[in-house]
Amino acid sequence: MKLITLLVAGIITGQIASFFCGGYSLGAIGNSIAGLTGALFLGQYLSPLFGMSLEAGMFAGGLLGAFVILMVFSAGESMTRKKSRFF
């Protein structure tokens, strides 16, 4: 049951974080992986820290982790110089 909750929280939070990042997206699978990573690594720590249930902690961790990952990728992409070629 914990694995199914983790997968669902990762998929949903990745898509929500993409919406909050101003439309920046890594694609459906990339957003889901970003949300899953956040839920996996942060969900276990946020639930006892703020006294919420494990499912709510996974959801909050997935949203926070995916948002940070998307913002880092967005910032990195904006720093690269776009080459304009005329051929």
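Among contacts (heavy atoms within 4.5 Å) in the protein between residues at least 6 apart in sequence, 59% join residues at least 24 apart. The model is predicted, so local features need pLDDT of at least 70 and side-chain atom pairs count only at pLDDT 80 or more, while totals for chains, interfaces and linings use all residues. Residues are numbered from 1 along each chain as its sequence is written, and side-chain values use heavy atoms, with hydrogens and water left out.

The mean pLDDT (the predictor's confidence in each residue, from 0 to 100) is 83 for the protein, and 92% of its residues reach 70 or more. Confidence is lowest in helix 1, with a mean of 83, and highest in helix 3, with 86.

The protein has three helices and zero strands; helices (H or I, at least four residues) and strands (E, at least two) are DSSP runs, numbered from the N terminus. The pattern along the sequence is α-α-α. The C-alpha trace spans about 55 × 20 × 20 Å along its principal axes. Its radius of gyration is 15 Å, whereas a compact globule of 87 residues would have one near 12 Å. This radius is taken over C-alpha atoms, and the globule rule is 2.2 Å times the number of residues to the power 0.38. Of the 87 residues, 30% are buried, where buried means under 20% relative accessible area, exposed over 50%, and partly exposed in between (1.4 Å probe, protein chains only).

Helix 1 covers residues 2–20, and its 19 residues should span 27 Å at 1.5 Å a residue; the end C-alpha atoms are 26 Å apart, which agrees. The expected span of a helix is 1.5 Å times one less than its number of residues. Buried residues in helix 1 are Thr5, Leu6, Ala9, Gly10, Thr13, Gly14, Ala17 and Ser18. Their cover includes helix 2 (27–50) and helix 3 (54–79). Just after helix 1, Gly22 has a positive phi of about 75°.

Helix 2 holds two serines to look at. Ser32 is found in helix 2 and is buried, with a relative accessible area of 16%. Its side chain reaches the backbone oxygen of Ala28 at 2.8 Å, a polar contact (a pair of N or O atoms within 3.5 Å; within protein, one must be able to donate a hydrogen and the other to accept it, and residues adjacent in sequence count only if both atoms are side-chain atoms). Beyond residues up to four places away in sequence, Ser32 touches Gly10, Ile11 and Gln15. Ser47, also placed in helix 2, is buried at 7%. A polar atom of the Ser47 side chain lies 3.4 Å from the backbone oxygen of Gly43. With residues up to four places away left out, Ser47 touches Met52, Ser53, Leu54 and Gly57.

Helix 3 has 26 residues and reaches 37 Å from first C-alpha to last, close to the expected 38 Å. Its buried residues, among them Gly57, Gly61 and Ala66, pack against helix 1 and helix 2. Phe67 is found in helix 3 and is partly exposed, at 33%. Leaving aside neighbours within four places in sequence, Phe67 is in contact with Ala17, Phe20 and Cys21. The C-alpha atoms of Phe67 and Thr13 are separated by 8.8 Å, although these residues are 54 apart along the chain.

The largest nonpolar core consists of six residues: Ala17, Cys21, Tyr24, Ala34, Ala66 and Leu70. Such a core is a set of buried Ala, Val, Leu, Ile, Met, Phe, Trp, Tyr and Cys residues joined through side-chain atoms within 4.5 Å. Not counting residues up to four places away, Ala17 touches Leu63, Ala66, Phe67 and Leu70.
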